[in-house]
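Please read it alongside the coordinates.

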Amino acid sequence: MALLRSLRTQRTTTYLIYSRTSVNVSSSSSAAVAAIRRSLHTTTALEVDVQANSQSSSNQELQHGQAASILRRRQQHLLSRLIGTPVGVGVGGGSRQHARYVHSGQNGRQSHQLVQPEVIDETMREKRQLGKSASPKPTGTPQRDPLDVSFNDPIAAFKSKTTWELVRAYMVYMICSSEKLVEHNMTLLKLARNLLGQRLFVLLMKSSFYGHFVAGENRHTIVPTLERLRSFGVKPILDYSVEEDITQEEAEKREVESSVSSAGDNKEEGAMPQYHVDKSFADRRYKVSSARTYFYLNEATCERNMETFIKCLEAVSGATFGTGITAIKLTALGRPQLLLQLSEVIMRTRQYMEDLMGGQGNVLTHHKTIKDLEKYYATLGDNKNVQDFLKNVTSDKEGILHLFPWSGIVDEDSQLSDTFRVPDPQTGQMRRLISQIPPKEEEMFRNMIRRLNTIVKTAAELDVRIMIDAEQTYFQPAISRITLEMMRKYNKDKAIVFNTYQCYLRESFREVGTDLEQAKRQNFYFGAKLVRGAYMEQERARAQALGYPDPVNPTYEATTDMYHKTLSECLRRIKLMKDCGDDARKIGIMVASHNEDTVRFAIEQMNQIGISPEDKVICFGQLLGMCDYITFPLGQAGYSAYKYIPYGPVEEVLPYLSRRAQENKGVLKKIKKEKRLLMAEIRRRLLRGQLFYKPKGNYVPI
């Protein structure tokens with residue numbers, strides 16, 4: 001019996017290692033894989049073999065070494081069936097060497113490591129390597145359905161749902177259609193919690209809003225949802241959606257304190273009002289329903305946020321076979337004052353270039369060289385300050401990319417106060433574009449960059465992509481600049497880091513074009529998520545109150561045109577790369593939209609210029625619980641489709657649920673269509689006796 005217990009222990013260790021090594025298989029082999037995993041779960045057959053050998057042995061006892069050999073051969077056999085590797089390769093023996101399986105570079109896949117069953121190292125790096133996923137290797141043609149681009153097929157939309165889930169969705173949308181209920185939803189939720197008690201309240205929420213919009217409470221309970229999504233051709237963008245439920249007064253207090261330097265808010269000559277905090281708009285949740293807001297408390301909170309994002313990465317890696325994404329916000333990782341100051345520096349630099357050379361836009365759009373700059377400074381003579389400044393300008397053969405060494409700012413310990421200085425064209429004296437930053441706040445900036453580097457490095461190790469969310473325009477120049485530097489650093493072989501562009505902004509097209517140009521010239525993979533935007537009402541109100549130009553497009557139609565124009569430019573560049581024989585995957589775009597006209601436009605453009613889903617350069621994304629009639633037909637037709645998957649404890653995601661209710665109130669037209677399709681599918685199942693339909697998908701995400 002001691003021997004059997006030993007075998008059980010070894011078998012359990014083996015199963016844990018297999019389960020952490022996320023090997024993707026095709027739908028046609030799913031039954032075999034399930035059988036293999038069941039055989040790893042049970043010891044019955046192996047124990048019978050051992051007992052039989054024990055009884056037939058002349059000593060009536062099987063030696064431990066013999067038993068281990070039997071177990072090892074069984075492990076080799078199971079492993080060879082699971083991943084298609086010849087028996088005996090990379091499993092036997094007691095050494096610490098790893099077996100490496102290299103997939104075809106033509107398909108852009110990475111090599112992955114398979115850890116031997118005998119070796120268990122508890123270091124974080126090896127735990128992450130175990131979570132790393134192998135590329136899918138389907139043995140046959142995966143199931144594909146024709147796509148109804150009118151998105152009016154209820155069967156395609158809801159074949160992944162049980163009938164109860166359809167009824168629940170219909171009830172949720174009915175409630176979201178009531179303006180009175182939605183307007184007071186947070187008050188009603190808190191009242192229900194007090195009246196019902198925690199246990200009944202949690203049960204109620206899981207049967208309604210929480211169950212519809214949230215995948216589960218933790219990284220383990222969400223796995224069934226992720227697996228079912230995958231079986232219907234849909235991949236996840238994971239987000240731990242716990243939000244602080246703080247009062248407006250507390251939010252304003254935190255924001256004001258963390259947005260002003262300890263040296264004071266010194267508005268020097270040339271200061272731009274939009275990049276300075278205003279108490280009237282300090283609660284950044286004002287008129288924002290579709291985006292989460294982080295309020296800075298202290299550095300320890302930022303460290304916890306970093307750890308939460310890393311746990312999201314590990315959860316995605318362990319359940320998505322190398323196709324998952326995690327969304328993060330930069331305001332969760334550091335003091336907002338630093339983003340405000342950095343954003344102002346960037347915009348004042350652009351103003352400096354415009355004053356010096358004319359034109360508009362980002363520095364690289366001027367297409368000026370260092371020699372051009374020298375001509376502008378020629379009247380200053382042999383000025384040492386100017387010469388030192390020119391040495392740090394980032395340029396290539398086509399011209400100047402940046403006036404400042406951004407790589408040093410992100411990679412090294414450059415001091416912000418000393419870096420952002422430019423020569424005065426009249427006097428040659430160096431003038432600051434940023435107010436003096438105290439040493440403690442310089443250290444806070446370094447901490448923010450360190451946290452982001454840690455997250456992105458972990459994502460690269462786990463083969464998970466990072467989408468850095470867009471935020472308000474007064475933060476966005478800094479967020480985009482830092483994100484582009486992370487792309488330059490980590491997107492060397494594939495797109496790991498994605499930036500987000502809000503197309504309700506007037507400058508969206510120009511910003512995307514500039515960043516595409518930088519990616520081309522600095523030779524890194526460019527990843528972009530295109531959204532309409534989350535802060536429109538707040539941005540307009542703030543611009544009017546503080547007296548700076550409204551950054552938002554004037555109409556909804558203008559925003560749609562901006563979205564389509566920006567997407568078309570990305571597709572045009574992808575086509576050029578394909579036509580030239582370059583790697584078209586150097587540009588990756590997510591069409592993150594709940595607007596079916598925009599999704600149709602993207603599909604039509606792909607067809608016109610010859611971009612197929614298999615090129616893996618365009619993907620689509622919607623929120624969990626919203627617009628299933630778009631996401632699932634896309635995934636089942638072979639397009640790369642994602643759901644934004646929130647998770648977290650019931651009571652801690654109430655602010656998220658409140659925002660979802662508010663957002664749905666604002667898209668009543670979409671709700672009407674979704675309700676119509678839901679009712680059509682419920683009626684169809686009722687008439688056909690399929691009320692107890694069990695979803696079972698056989699799709700492989702692209």
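1. The model is predicted, and the remarks below should be read accordingly.

2. Eight strands close into a barrel, with parallel pairing, in the order E3-E4-E9-E10-E11-E12-E13-E14. From one strand to the next, the twist averages 30 degrees.

3. One pairing within this order may be examined in detail. Strand E9 (residues 465–468) and strand E10 (residues 497–502) run parallel and are joined by three bridges. Met467 has Phe498 as its bridge partner in E10. Helix H20 (residues 476–490) packs on the sheet and touches E9, E10 and strand E11 (526–531). The direction of H20 makes about 150 degrees with that of E10.

4. Helix H24 also packs on the sheet, where it touches strand E12 (587–592) and strand E13 (618–623). Its direction makes about 170 degrees with that of E13.

5. H24, which spans residues 596–609, contains a salt bridge between the side chains of Asp597 and Arg600, at 2.6 Å from N to O. These two residues are separated by about one helical turn, because they lie three residues apart in the helix. Asp597 has 46% relative accessibility and therefore counts as partly exposed. Arg600, at 19%, counts as buried, since the limit for that class is under 20%.

6. Which class of accessibility applies to Lys643? Lys643 is buried, with a relative accessible area of 0%. Asp628 likewise counts as buried, at 3% relative accessibility.

7. The side chains of Lys206 and Glu217 also form a salt bridge, at 2.8 Å from N to O. Here Lys206 belongs to helix H9 (residues 185–206), while Glu217 lies in the loop between helix H10 (209–213) and helix H11 (223–231). The two residues are 11 apart, and the pair links distant parts of the chain. Lys206 counts as partly exposed at 36% relative accessibility, and Glu217 counts as partly exposed at 31%.

8. How many salt bridges does a search of the whole structure find? The search finds 39. Salt bridges also link Glu299, Glu303, Arg450 and Arg451 in a network.

Technical notes: Residues are numbered from 1 along each chain as its sequence is written. This is a predicted model: local features need pLDDT of at least 70, side-chain atom pairs count only at pLDDT 80 or more; totals for chains, interfaces and linings use all residues. Side-chain values use heavy atoms; hydrogens and water are left out. A salt bridge is a side-chain nitrogen of Lys or Arg within 4 Å of a carboxyl oxygen of Asp or Glu. Helices (H or I, at least four residues) and strands (E, at least two) are DSSP runs, numbered from the N terminus. Buried means under 20% relative accessible area, exposed over 50%, partly exposed in between (1.4 Å probe, protein chains only). Two strands pair if DSSP finds at least two bridges between them. Axes are lines fitted to C-alpha atoms, for helices over the stretch in contact, and angles run from 0 to 180 degrees between N-to-C directions. Contact means heavy atoms within 4.5 Å.
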